[in-house]
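Hello,

Here is the structure for you to look through. My notes follow below it.

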Amino acid sequence: MGTDGPKVVLAGLDGSDSSWRATAYAAGLARRQGAVLAVAYIQPILGAATALAGAAVEEVTQEIAEELLAALREAEHRVREVWRVDWKFLTMRGDPYAGLAKLADELRADAVVVGVSEKAGHKVIGSVAVRLVKAGRWPVTVVP
C-alpha cells in the first residue's frame, strides 16, 4: 500500500500446465518489479463421497504439495545464474477460490495470477479465475 509498483505477486499452482505457465508469468512479473513471489497450492477439501478415504486423500494432497515445492526449487536452481526472485511457497487445505482469496488478503497481494481452468464443468459453475476476477479485490491475470 502506498508504494510504487507491486510488492507481492500471488500465483496459484495446482500442477496443471496452465498453473505452471501462470507461475512462470508471475515469477517474471515479480522479478521485473522487485516483488516477492508467493506461490500457493490449495489442497482440495474432501467431498462427502470421499470422506471415507479422508486420510488417504489428505496424504496424497500433501505429497502433491511436496512435489510442487521440489519442482519449484529445481526450477529456481536452473535459472539461479540468470535471474533471481524472492519467493515463498504456501499451502493450505480448502476451497481453491477461498484459499487464494484468504492468502491474497493476508499477504496484501498487489496481483494474483492463475491459470485458465482445464475442467469442462467450470464453464457452467465458474472457475477459480472467474470467481477471483468477480471478487474485484485485486488485479487478476488469467494465463492460458
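**Salt bridges and the sheet**

A salt bridge here is a side-chain nitrogen of Lys or Arg within 4 Å of a carboxyl oxygen of Asp or Glu. E106 and K102 are 4 residues apart, about one turn of the helix. Helices (H or I, at least four residues) and strands (E, at least two) are DSSP runs, numbered from the N terminus.

This is a predicted model: local features need pLDDT of at least 70, side-chain atom pairs count only at pLDDT 80 or more, and totals for chains, interfaces and linings use all residues. Residues are numbered from 1 along each chain as its sequence is written, and side-chain values use heavy atoms, with hydrogens and water left out.

E106 is exposed, at 53% relative accessibility. K102 is partly exposed, at 43%. (Buried means under 20% relative accessible area, exposed over 50%, partly exposed in between, with a 1.4 Å probe and protein chains only.)

The structure holds 3 salt bridges. Another one joins R137 and D105, at 2.7 Å from N to O. This pair links distant parts of the chain, 32 residues apart: R137 sits in the loop between α5 and β5, D105 in helix α3.

Now the sheet. Its 5 strands run in the order β3-β2-β1-β4-β5, form an open sheet and pair in parallel. Two strands pair if DSSP finds at least two bridges between them. β3 (87-93) and β5 (140-143) stand at the edges with a single partner strand each, so one side of each has no neighbour in the sheet.

Best wishes
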